[in-house]
Amino acid sequence: MCVMTINFHQIKHYIKHYLTARRGGHGVHSPFAFQLCEEVFYNRNSFYDLDELQKTRTSLLNSNTEIIVEDFGAGSKTFTTNKRKIKDLVAKGISTAKQSETLYKLINFLNCGAIIELGTSIGLNTLYLAKANKNGKVITIEGSKNLVEFATELAKKNNLNNIEFIEAKFDEALPTLLQNNSPSLIYIDGNHTYDATMRYFNLALAKKDNSTVIIFDDIYWSPGMTMAWNEIKNNASVTLSIDLFYFGMVFFREELKEKVDLKLFL
Ligand SMILES: C[S@@+](CC[C@H](N)C(=O)[O-])C[C@H]1O[C@@H](n2cnc3c(N)ncnc32)[C@H](O)[C@@H]1O
């Protein structure tokens with residue numbers, strides 16, 4: 001979830017989440033979900049990559065460079081013009097360190113090979129996805145040309161060559177991408193409307209296999225996003241859903257005999 005202007009819908013669900021979500025893996029019966037809690041969500045080990053990425057984040061947080069960004073998808077509740085300072089985008093328009101670090105640990109643990117990210121922005125989160133498995137490949141899609149250029153440069157500066165940047169609208173690029181790739185992780189982080197989210201989910205669903213994980217950012221951004229999340233987690237092929245408030249993820253593993261819906265407080 002990006003740090004956007006907070007609305008009543010988010011506050012209501014945050015309080016509910018705060019009061020009802022688990023704060024660790026204790027009591028989680030599914031061995032796979034328990035392992036995720038131990039190795040990913042509550043794993044406090046330090047990672048060299050994460051220390052390095054934090055340095056990159058801090059330097060971008062001080063960057064006064066301005067960039068003109070075209071508006072795509074559901075629009076921004078935070079920015080009123082198309083001109084953005086990089087430091088404002090890092091502070092308010094992209095995944096926080098905690099969210100990106102969670103994705104890094106998840107990819108690292110699951111050893112995800114092919115990853116698709118919808119919504120590159122400045123490409124900082126993309127670095128976490130790419131560094132988590134340097135033998136894997138990240139394909140990231142962004143509609144705004146200037147952001148794609150910035151993100152491409154950022155990856156070069158970080159010596160990462162396992163990222164493919166695609167400048168396109170999600171609806172144009174995703175069907176073909178899914179035809180030609182079998183991603184083990186799909187991170188949907190843009191165009192936060194009910195219709196678009198369900199469309200991307202249904203496209204990804206047709207391509208999923210036993211080990212696929214699909215992650216949706218900003219599931220409490222609006223009533224429409226929460227409605228989409230509830231439908232997605234109740235889909236018959238989902239065997240495990242994890243609601244982290246900032247984002248929700250669904251798994252399709254058939255070895256999970258009983259369906260599990262977890263809410264975790266990070
Ligand atoms: C929240 S930002 C992505 C942040 C990034 N994934 C992260 O974790 O830091 C969403 C991005 O998606 C792009 N976007 C939104 N809707 C889009 C669409 N329909 N097609 C292409 N790009 C889109 C926006 O331009 C924006 O840069």
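Start your tour by selecting helix 5, residues 97–110: its 14 residues reach 20 Å from first C-alpha to last, close to the 20 Å expected at 1.5 Å a residue. (That expected span is 1.5 Å times one less than the number of residues.) Helices here are DSSP runs of H or I with at least four residues, strands are runs of E with at least two, and both are numbered from the N terminus. You are looking at a predicted model, in which local features need pLDDT of at least 70, side-chain atom pairs count only at pLDDT 80 or more, and totals for chains, interfaces and linings use all residues. Residues are numbered from 1 along each chain as its sequence is written.

Stay on helix 5 and colour its buried residues, among them Gln 99, Leu 103, Tyr 104 and Ile 107. A residue is buried if 20 or more other C-beta atoms, placed from the backbone, lie within 10 Å of its own, exposed if 12 or fewer, and partly exposed in between. What covers them? The cover includes helix 2 (31–41), helix 3 (48–60), strand 3 (114–118) and helix 6 (124–132). Step past the end of the helix to Asn 111, whose phi is positive, near 55°.

Eight strands make an open sheet in the order 5-4-3-6-7-9-8-10, with mixed pairing. Two strands pair if DSSP finds at least two bridges between them. At the edges are strand 5 (163–167) and strand 10 (260–263), each pairing on one side only.

Zoom in on strand 8 (residues 240–243), which pairs with strand 10 in the parallel sense over four bridges. Pick Asp 243 and find its bridge partner in strand 10, Lys 263.

Next, select helix 8 (residues 170–180), which packs on the sheet and touches strand 3, strand 4 (137–142) and strand 5; its direction makes about 155° with that of strand 4. Touching rests on contacts, meaning C-beta atoms, placed from the backbone, within 7 Å. Angles run from 0 to 180 degrees between N-to-C directions, with axes being lines fitted to C-alpha atoms, for helices over the stretch in contact.

Hop to Thr 193, in the loop between strand 6 and helix 9 (194–205). Is Thr 193 buried or partly exposed? Thr 193 counts as partly exposed because it has 16 C-beta neighbours inside 10 Å. Draw a line from its C-alpha to that of Gln 54, 139 residues apart along the chain, and the separation is 31 Å.

Finally, zoom out: the protein has 10 helices and 10 strands, and its C-alpha trace spans about 50 × 40 × 35 Å along the principal axes.

Definitions and conventions. Two residues are in contact if their C-beta atoms, placed from the backbone, lie within 7 Å.
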